[in-house]
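Biologist: I would like a close look at one part of this model. Please keep to the charged side chains.

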Amino acid sequence: MTKKHKILSLLLFFALLLAGAPAAATPGSTNDAREVAALVNGVPIYLDQVEPLVEGQLRRNPNFAQQARGDELLDSLRLRALNELINVELLYQAGSRLQVADADEQIAQVIEYYRDNASIAALGEEQMQTAARRQVYINAYYVHRNLGNPEVPEELIRAFYEKNKEDFSVPPQVEVRHILAEVARDGDADTEAAARKRIEEARARLLSGEPFSEIAQDLSDCGSAPGGGELGSVQKGFMPKEFEEVAFALTPGEISPVVRTDFGFHVFEILSRNAGGPPALEEMRDFFTTYLQKQVREERLEAELATLREQARIEIFLAQSEPRPRSTVLDRRPRQP
């Protein structure tokens with residue numbers, strides 16, 4: 001399945017449910033015992049296409065299912081599902097008016113993808129053919145109207161950054177490598193003197209220009225020794241106080257004095273430092289753009305569907321458990337002349 005077909009992963013389920021519907025029906029009537037829930041420019045959507053969506057939602061949300069005992073709540077779920085199916089039908093009808101030069105090739109690719117998916121392949125060849133055609137033409141409409149990959153305005157990115165940058169703030173941190181001569185605080189004087197002498201030797205070799213990593217591998221007692229003593233980036237508050245007081249006062253490339261902590265004697269070098277705070281916009285641009293593109297895509301799709309609904313003749317015959325005003329039943333449906 002090609003990448004461009006993945007745009008419709010959310011809509012594919014609805015398209016499959018709609019597959020195989022006949023081109024016309026009598027309002028409120030049945031066709032082969034199928035009750036018509038709505039007509040979209042004369043094309044029927046059946047009640048038995050609505051119910052699986054409701055049942056699927058209830059299965060995925062057991063807690064919600066326990067609440068969905070009242071007829072009114074179930075009516076709301078049915079109406080919501082029906083509106084989703086109406087949206088898919090509108091997109092398909094709009095897409096089918098486009099000229100798609102390689103439509104047959106794309107349909108064949110989608111069908112091959114379906115055949116590799118056991119749950120979809122179970123629908124049968126005829127339904128897969130219909131569903132694949134719907135998917136290809138809906139996808140063509142997405143591309144035609146730039147609904148799948150819309151550009152995110154620069155001003156939106158900057159506004160979002162200014163509003164949310166503090167949420168991405170990081171504490172001050174340094175990238176550090178060290179050499180440790182391990183000795184406990186309560187060690188005897190001779191052991192402590194020997195450890196200090198070893199770390200002072202290491203520092204002298206560093207100041208003379210010997211490679212840090214070689215000295216760390218040679219003298220350090222830390223588990224970081226095989227990697228040249230590198231500890232990576234260390235945030236303030238994660239190392240012993242004595243270590244941090246010196247580390248965050250050094251400049252990159254500077255060798256520390258000998259520092260005593262509960263672990264023993266250290267000498268270290270700061271490789272880089274980050275003062276902390278929020279990241280620069282350019283560091284977060286790709287992340288924010290990806291996040292906002294979803295928002296822009298949803299807004300553009302909603303606007304597109306509103307336009308398609310205004311131009312369409314939509315008739316809803318979904319039965320309600322209690323009498324209610326027609327305007328409530330036809331929630332968000334444009335009035336027809």
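How many salt bridges does the structure hold?

Modeller: This is a predicted model, where local features need pLDDT of at least 70, side-chain atom pairs count only at pLDDT 80 or more, and totals for chains, interfaces and linings use all residues. Residues are numbered from 1 along each chain as its sequence is written, and side-chain values use heavy atoms, with hydrogens and water left out.

The structure holds 22 salt bridges. A salt bridge here is a side-chain nitrogen of Lys or Arg within 4 Å of a carboxyl oxygen of Asp or Glu.

Take E51 and R78. Their closest N and O atoms are 2.7 Å apart. The pair links distant parts of the chain: E51 sits in helix α2 (residues 47-60), R78 in helix α4 (residues 71-95), 27 residues apart. Helices are DSSP runs of H or I, at least four residues, and strands are runs of E, at least two, numbered from the N terminus.

D221 and R198 also meet in a salt bridge, at 2.8 Å, N to O. D221 lies in the loop between α10 (212-219) and β5 (230-235), while R198 belongs to helix α9 (residues 189-207). D221 is partly exposed at 35% relative accessibility. R198 is partly exposed too, at 26%. Buried means under 20% relative accessible area, exposed over 50%, partly exposed in between (1.4 Å probe, protein chains only).

Helix α9 holds another pair, E201 and R205. Their closest N and O atoms are 4.0 Å apart. The two are four residues apart, so about one helical turn separates them. E201 is partly exposed at 41%, whereas R205 is buried at 19%. Elsewhere, salt bridges that share partners join E154, R158, E282 and R285 into one network.
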